[in-house]
Amino acid sequence: MGVVQDIPLLQTTCDIWDKIQNFQAREDDILIASFPKAGSMWVQEIMDLILLNGDIKKSMRAPCFLKVPFIDLNAAPLPSVEAANGMESPRIIKTHLPLQLIPPSFWEKNVKVIYVARNAKDSMVSYFYFQKMNKMLPDPGTWNEYFSKFLAGNVPWGSWFDHVIGWWRAKDKHQILFVFYEDMIEDPKREIRKISQFLGKELTEEVLDIIQHHTSFDIMKENPMANLSTLPSFVIDQSISPFIRKGKVGDWRNHFLVVQNALFDEEYMKKMKGVGLNFRNEL
Ligand code: A3P
């Protein structure tokens with residue numbers, strides 16, 4: 001891994017850092033930001049369908065990772081900065097960068113941002129499996145080793161804590177909508193409506209229902225445009241763990257040891273005290 005301003009990033013990302021920083025946002029871009037494994041792909045599919053007024057056929061035009069360029073990933077032929085430059089507006093652009101590393105043009109152009117947030121314990125479990133199966137990422141080691149790495153922020157894109165806190169503190173300064181994974185699981189239609197209103201789209205109940213159905217866990221798991229099955233197995237090895245894996249709130253209970261949970265809660269209290277950001281670890 002490489003490092004930019006103390007944030008661990010993939011070396012390949014650091015290699016194009018100047019290009020990323022000089023990325024030219026447009027006023028009608030929509031940025032989807034999150035720490036890894038918060039449910040970004042789920043929300044990307046929803047956003048694309050909102051812009052398409054629920055047209056499923058059009059949403060199936062290409063895999064999600066081709067429709068939505070990921071500006072801080074440098075893994076050609078996957079689209080990043082250069083591909084995004086050539087894309088028509090309105091663009092949905094994905095990032096995992098912490099707030100302080102976002103290319104300045106996003107703020108200059110006052111771009112709308114959807115920040116997807118997920119509780120730290122489930123994010124950790126999901127990221128552990130993702131680092132196991134995604135060969136672009138460092139091997140996570142054992143669960144016990146990973147637990148310490150994640151807590152110390154020694155994973156690609158850094159500390160979960162710093163990430164969510166940084167974005168939360170900026171939410172009233174910019175046009176940022178926080179969407180919580182747990183809220184999406186609890187009531188997807190309510191959250192889809194919230195996202196569409198934020199994007200200035202009034203959709204009918206029928207269209208909201210279509211979007212909810214098409215982006216449900218079971219449908220997305222079978223959708224080759226969303227489940228990464230079009231990527232070769234030497235990059236994404238889904239025999240180790242599927243990309244669309246469990247889709248639950250509270251899977252951490254199947255992984256955290258009692259002593260790890262106590263350690264985690266103590267650290268969590270220290271870091272999150274007074275921030276005013278409340279996550280639900282179960283529903
Ligand atoms: P799990 O590993 O806990 O199952 P990201 O897209 O940010 O990488 O997030 C991936 C996580 O979102 C995975 O979590 C994945 O299963 C979950 N996910 C993807 N699509 C989903 C959907 N339609 N409903 C619920 N969870 C979904």
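A polar contact here is a pair of N or O atoms within 3.5 Å; within protein, one must be able to donate a hydrogen and the other to accept it, and residues adjacent in sequence count only if both atoms are side-chain atoms. This is a predicted model, where local features need pLDDT of at least 70, side-chain atom pairs count only at pLDDT 80 or more, and totals for chains, interfaces and linings use all residues. Residues are numbered from 1 along each chain as its sequence is written, and side-chain values use heavy atoms, leaving out hydrogens and water.

View 1. A backbone N or O atom of Phe 217 lies 3.5 Å from a ligand nitrogen atom. For Thr 215, a backbone N or O atom is 2.8 Å from a nitrogen atom of the ligand. Lys 37 instead brings a polar side-chain atom to 2.8 Å from a ligand oxygen atom.

**View 2. The largest pocket.** A pocket is an open set of points on a 1 Å grid over the protein atoms alone, where a 1.4 Å probe fits, with protein on both sides within 12 Å along at least five of seven lines; lining residues have an atom within 4 Å of a point. The largest pocket is lined by 46 residues. Lys 37, Gly 39, Ser 40, Met 41 and Phe 243 lie nearest its centre.

**View 3. The second largest pocket.** Its lining has 13 residues, with Asp 48, Arg 61, Lys 67, Glu 88 and Pro 90 nearest the centre.
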